[in-house]
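This report goes through selected contacts and local geometry of one chain. The sequence and the structure come first.

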Amino acid sequence: MRIAVLGAGSWGTSLAIVLSENGHDVALWEFDAEHATAIARKRENTKFLPGVTLPASIEVTNDLGGALRDARMVVFVVPSHATRETARRAAPFLPGGAFLVCATKGLEEGTLARMSEVLRDELRLEPGRIVSLVGPS
């Protein structure tokens, strides 16, 4: 299955590795183009997960549309303060019928909305298309 992991922090990178090791085709999206290039070149996220090698099968990209292309599952792991904006930017590229996993921790400042609520609102998802994955703490 093609899976897009949006957010290349320690949690997002770890999830991308586990998904890849379980046989999935994984695209790991990083907001910062220079950081995405460095991760792709070194095959290591030295900023957030030093010493852990990324499998060659993980595509690291700064291209949001490319990361989401043909994804059957999308894992949102961007920081909570960037979730709404990332969801807005992702909406036009989100494949119809894609299953969403919200792995972002925290509440939205100001609204106190859960991240799954932010995604549901911005992506206009029907009930049952999004689940939350929490941890580590």
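Arg2 and Glu59 form a salt bridge in which the closest N and O atoms are 3.5 Å apart. The model is a predicted one.

Arg2 has a relative accessible area of 14%, and the limit for a buried residue is under 20%, so Arg2 counts as buried. Glu59 has 35% relative accessibility and therefore counts as partly exposed.

## Salt bridges elsewhere

The structure holds seven salt bridges, among them the Arg2 to Glu59 pair. Another joins the side chains of Arg88 and Glu122, with an N to O distance of 3.0 Å. Arg88 is part of helix H4 and Glu122 is part of helix H5, so this bridge ties together parts that are 34 residues apart in sequence. Arg88 counts as partly exposed because its relative accessibility is 47%, while Glu122 is buried because its relative accessible area is 13%.

Arg88 and Glu122 also belong to a network of salt bridges, in which they are linked with Arg84 and Glu108. A further bridge is formed by the side chains of Glu117 and Arg114, at 3.4 Å from N to O. Arg114 has 48% relative accessibility, so Arg114 counts as partly exposed.

## Packing of H4 against H5

Helix H4 (residues 80-90) packs with helix H5 (residues 115-123) at an angle of about 20°, and the two axes are 9 Å apart. Angles under 35 degrees count as roughly parallel, and H4 and H5 are therefore roughly parallel to each other. Their crossing is right-handed.

On the H4 side, the contact is made by Ser80, Thr83, Arg84, Ala87 and Arg88. On the H5 side, Met115, Val118, Leu119, Asp121, Glu122 and Leu123 take part. By class, the contact residues divide into five nonpolar, two polar and four charged. Both partners of the 3.0 Å salt bridge, Arg88 and Glu122, are among the residues of this contact.

Phe48 sits in the loop between strand E3 (44-45) and strand E4 (49-53). With a relative accessibility of 38%, Phe48 counts as partly exposed.

Leaving aside residues up to four places away in sequence, Phe48 touches Ala8, Gly9, Ser10 and His35. For Ser10, the separation from Phe48 is 38 residues in sequence, whereas the C-alpha to C-alpha distance is 4.9 Å.

## Positive phi values

Arg43 has phi near 60°, which is a positive value in a residue other than glycine. Arg43 is found in the loop between helix H2 (33-42) and E3.

Leu112, also a residue other than glycine, has a positive phi near 60°. Leu112 is placed in the loop between strand E7 (99-102) and H5. The relative accessibility of Leu112 is 62%, so Leu112 counts as exposed.

Methods:
Residues are numbered from 1 along each chain as its sequence is written. This is a predicted model: local features need pLDDT of at least 70, side-chain atom pairs count only at pLDDT 80 or more; totals for chains, interfaces and linings use all residues. Side-chain values use heavy atoms; hydrogens and water are left out. Axes are lines fitted to C-alpha atoms, for helices over the stretch in contact, and angles run from 0 to 180 degrees between N-to-C directions. Helices (H or I, at least four residues) and strands (E, at least two) are DSSP runs, numbered from the N terminus. Angles under 35 degrees count as roughly parallel, over 145 as roughly antiparallel, 65 to 115 as roughly perpendicular and the rest as oblique. A crossing is left-handed if the near helix is turned anticlockwise from the far one by less than a right angle, and right-handed if clockwise. Contact means heavy atoms within 4.5 Å. Ala, Val, Leu, Ile, Met, Phe, Trp, Tyr, Cys and Pro count as nonpolar, Asp, Glu, Lys and Arg as charged, and the others, Gly among them, as polar. Buried means under 20% relative accessible area, exposed over 50%, partly exposed in between (1.4 Å probe, protein chains only). A salt bridge is a side-chain nitrogen of Lys or Arg within 4 Å of a carboxyl oxygen of Asp or Glu.
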